Amino acid sequence: MISIHLTGQSEKAAPQNEWGLNPPPLYHQYRTAQALADPAVHLVVNSYNTGTGKTRAALMHLFALKRQKKNVLFIAPTNALLGQHADDARHFVQQYDLDFQVFTATAAANRLRSQQLVEQGDYNQMRGGETLNRLIRNYREFLPDAHTRQGLLLVVNPDIFYYALMFQYGSHDERNLFQSFLSSFSYIIVDEFHYYDQKQLAFFLFFFKLSQKMSYFDHAGRKICLLSATPGPHVIQYLNQIFGEKWQHISPDNEPPESAAYDLIPTLSPLTLSL
């Protein structure tokens, strides 16, 4: 028999809770929200341990976007995680009365929405790409009871994001979806950034550089938050080359000295696994 012993872990509590979160935020969550609120910062990387609340840290920036009707894109590496993150986002939005509608975008979800439009009698048939574009441009078409427009929080997998920005949809939809994904989102969260392969990583770096070249950071106020427990040194090097001093790394290794006296809150329980 093999036994694996995992020790528990605690994280520092935030020095204040200006958002009224329950439970109160952890220090790394507070640091992430503060960094994203800085106009001089375009990208933030949170590399705290898995299970210590990185997703919540990223969602806290929604408070800064409240009532602005801005759109958020959340990219999850797998459809299983996509559903989990969508549920987390819905709960967070409802708990704190944030002005967002949460949708998921997968091939299956797009087919269901296309069928919905056909059954409503609005169209004889509907392409999946067109349905996705209509969701981004005016999601109220799929929510008949929505009388006012809120911000859209769209949770997608990396394939849809890639297909849209690399003109991989049909000829009738490729240009529209490219424009929608490039221009519609003010805040972009990329979860588990270390999961992606070389091709996907190169694509994300291309998107960062394209956003920079077209002034989406400087003039449109776009923010990007990368969540990764284990960012490689080459990733750090690439981000330095692209963003220079306009990005921040929120890591256990660079906590300010004044935080040494902050209270500790258990975040990961000890575990013994026997095989």
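Predicted model: local features only at pLDDT ≥ 70, side-chain atom pairs only at ≥ 80, totals over all residues.
Residues are numbered from 1 along each chain as its sequence is written, and side-chain values use heavy atoms, with hydrogens and water left out. When I say helix or strand, I mean DSSP runs numbered from the N terminus: H or I with at least four residues for helices, E with at least two for strands.

Okay, back to the loop. Lys69 has phi near 60 degrees, a positive value in a residue other than glycine. Arg67 is in the loop between α3 (62-65) and β4 too, and its phi is near 65 degrees, again positive in a residue other than glycine. How open are they? Lys69 is partly exposed, with a relative accessible area of 42%, and Arg67 is partly exposed at 48%. For the terms: buried is under 20% relative accessible area, exposed is over 50%, and partly exposed is in between, with a 1.4 Å probe and protein chains only.

Now step into β4 itself. Why is strand β4 described as largely enclosed by the rest of the structure? Because five of the five residues of β4 (residues 71-75) are buried. In a regular strand the side chains alternate between the two faces of the sheet. Here both faces are covered: Asn71, Leu73 and Ile75 are buried on one side, and Val72 and Phe74 are buried on the other.

So who are the partners of β4? Strands pair if DSSP finds at least two bridges between them. β4 pairs with β7 (residues 185-190) in the parallel sense over five bridges, and with β6 (residues 151-156), also in the parallel sense, over four bridges. Leu73 is a handy landmark: Leu73 stands opposite Ile188 in β7 and opposite Leu154 in β6.

Keep Leu154 in mind, since that name comes back in the core. By nonpolar core I mean a set of buried Ala, Val, Leu, Ile, Met, Phe, Trp, Tyr and Cys residues joined through side-chain atoms within 4.5 Å. The largest one has 45 residues, and Leu154, Phe181, Phe208 and Leu239 touch the most other members. Helix α9 gives the most to this core, with seven residues. There is also a second, separate core of 36 residues, which includes Leu62, Val93, Leu153 and Leu227. As background, in soluble globular proteins, nonpolar side chains tend to be buried together.

Staying with α9 (residues 198-213) for a second, Ala202 has its place in that helix. Ala202 is partly exposed, with a relative accessible area of 44%.

Two last stops. Ser259 is found in the loop between β9 (247-250) and β10 (264-268). Buried or exposed? Ser259 is buried, with a relative accessible area of 0%. Leaving aside neighbours within four places in sequence, Ser259 is in contact (heavy atoms within 4.5 Å) with Lys12 and Tyr27.

And finally, Pro23, in the loop between β2 (9-12) and α1 (27-37). The peptide bond from Asn22 to Pro23 is cis, with omega near 5 degrees.
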